[in-house]
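Hi,

Here is the structure I promised to pass on. Have a look at it first, then read my notes below.

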Amino acid sequence: MGSIEFGLTDFATKDIYVDFLRVSTYAYEEHNIKFDYSYLSNEIDALRIQYDIEKLRGKTEFETFVNATRWVAQILSNDLPPLESQSRVKDMIADISGGKYGASCYTYACVLNEVFRALGYLSRIIFCLPIDFHPYGSHVVNIVYSEECDKWLLFDAAHGVYFQDDAGMILNLQELRDYFVSKKSINVSLIDGIRDTVSGRERHFLAQRILIYMSKHVYRFRCFENSYKDNFAQNRIVNAVNLIPCNYLAATSKIVRYYNETNTKQVEIFISNPLEFWKLPD
């Protein structure tokens, strides 16, 4: 696995982060947000063929999702410092597995997003953000649409986990946030085949640390309108949708950033309606 930075969080600070969540509210105002799931089929086909992605398909959707997350976690695992690369995903896999540089959580999410697409599933890359606005920090994960469950499911390749409740239901990001707020039990499921050399006690401790880390990073969320095309956009305008509590920023706010290296104009759109942000694919 790549290096995972937990910072100085501990069990006491988890309660502070959860308190921030409890006093935050949504406005549920109407917007015309439309997420786009189109992609370049030739690039996805090339990824599928080069890495034999079809071998990851299991007997069920859930087994396929776990297999895909495990494969990404394993193939991107090294101890090198991460490098944010503008390379296409299949090139990033080759560079990281070849030892040129390490993977950040964003890299894990970019790769898993395309693996899900290569398997025929709709998915999105989600930036999970704390209450802090500066300095900017985030954790990046994937949600994949499950037709069997008729909802988004959360998979985190950088940590090699997914989250469940006591009944075994796989949680999505909004459910994870809601469970923190309501103090419901959350089980961190470490995917087999990623940290098999870690002892049972260490796995328990790691799961708790991941839970603490996530309690900080579910205050607000961010997603490009197209999680496939917008990540590597050049010479055009890119829109990113931010889900925020209504008592954080004015939901009508917009922030515009310009990136000279890619000649892109990035528009940050802020909304306070989780129903629109987490809407299911048409």
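Ring pairs tie F62, F65, F116, Y121, F155 and Y162 together into a cluster. For this, rings of Phe, Tyr and Trp (its six-membered ring) pair if their centres lie within 6.5 Å; planes under 30 degrees apart are called stacked, over 60 edge-to-face, and the rest tilted. Searching the whole structure turns up 17 aromatic pairs. One of them is F127 with F224, an edge-to-face pair at 6.0 Å centre to centre with 85° between the planes. That pair joins distant parts of the chain, since F127 sits in strand 1 (residues 123-129) and F224 in strand 6 (residues 220-224), 97 residues apart. Both F127 and F224 are buried (buried is under 20% relative accessible area, exposed is over 50%, partly exposed is in between, with a 1.4 Å probe and protein chains only).

Y219 and Y248 make another edge-to-face pair, 5.5 Å centre to centre and 65° between the planes. Here too distant parts of the chain are linked: Y219 is in the loop between helix 7 (200-216) and strand 6, Y248 in the loop between strand 7 (237-243) and strand 8 (254-259), and they are 29 residues apart. Why does Y219 count as buried? Because its relative accessible area is 5%. Y248 counts as buried as well, at 19% relative accessibility.

Before I go on, a word on where this comes from. It is a predicted model, in which local features need pLDDT of at least 70 and side-chain atom pairs count only at pLDDT 80 or more, while totals for chains, interfaces and linings use all residues. Residues are numbered from 1 along each chain as its sequence is written, and side-chain values use heavy atoms, with hydrogens and water left out.

Now the overall picture. The protein has 8 helices and 9 strands; these are DSSP runs numbered from the N terminus (helices are H or I, at least four residues; strands are E, at least two). A compact globule of 282 residues would have a radius of gyration near 19 Å, and the protein agrees with that at 18 Å (the radius is taken over C-alpha atoms, and the rule is 2.2 Å times the number of residues to the power 0.38). The C-alpha trace spans about 50 × 45 × 40 Å along its principal axes. Of the 282 residues, 54% are buried.

Just after helix 4, G99 has a positive phi of about 85°.

Which residues does L80 touch, leaving aside neighbours within four places in sequence? L80 is in contact with G99, K100, Y101 and G102, where contact means heavy atoms within 4.5 Å. L80 lies in the loop between helix 3 and helix 4. The C-alpha atoms of L80 and Y101 are 5.5 Å apart, although the two are separated by 21 residues along the chain. L80 is partly exposed, because its relative accessible area is 32%.

Last one: is S104 buried or exposed? S104 is buried, because its relative accessible area is 11%.

Cheers
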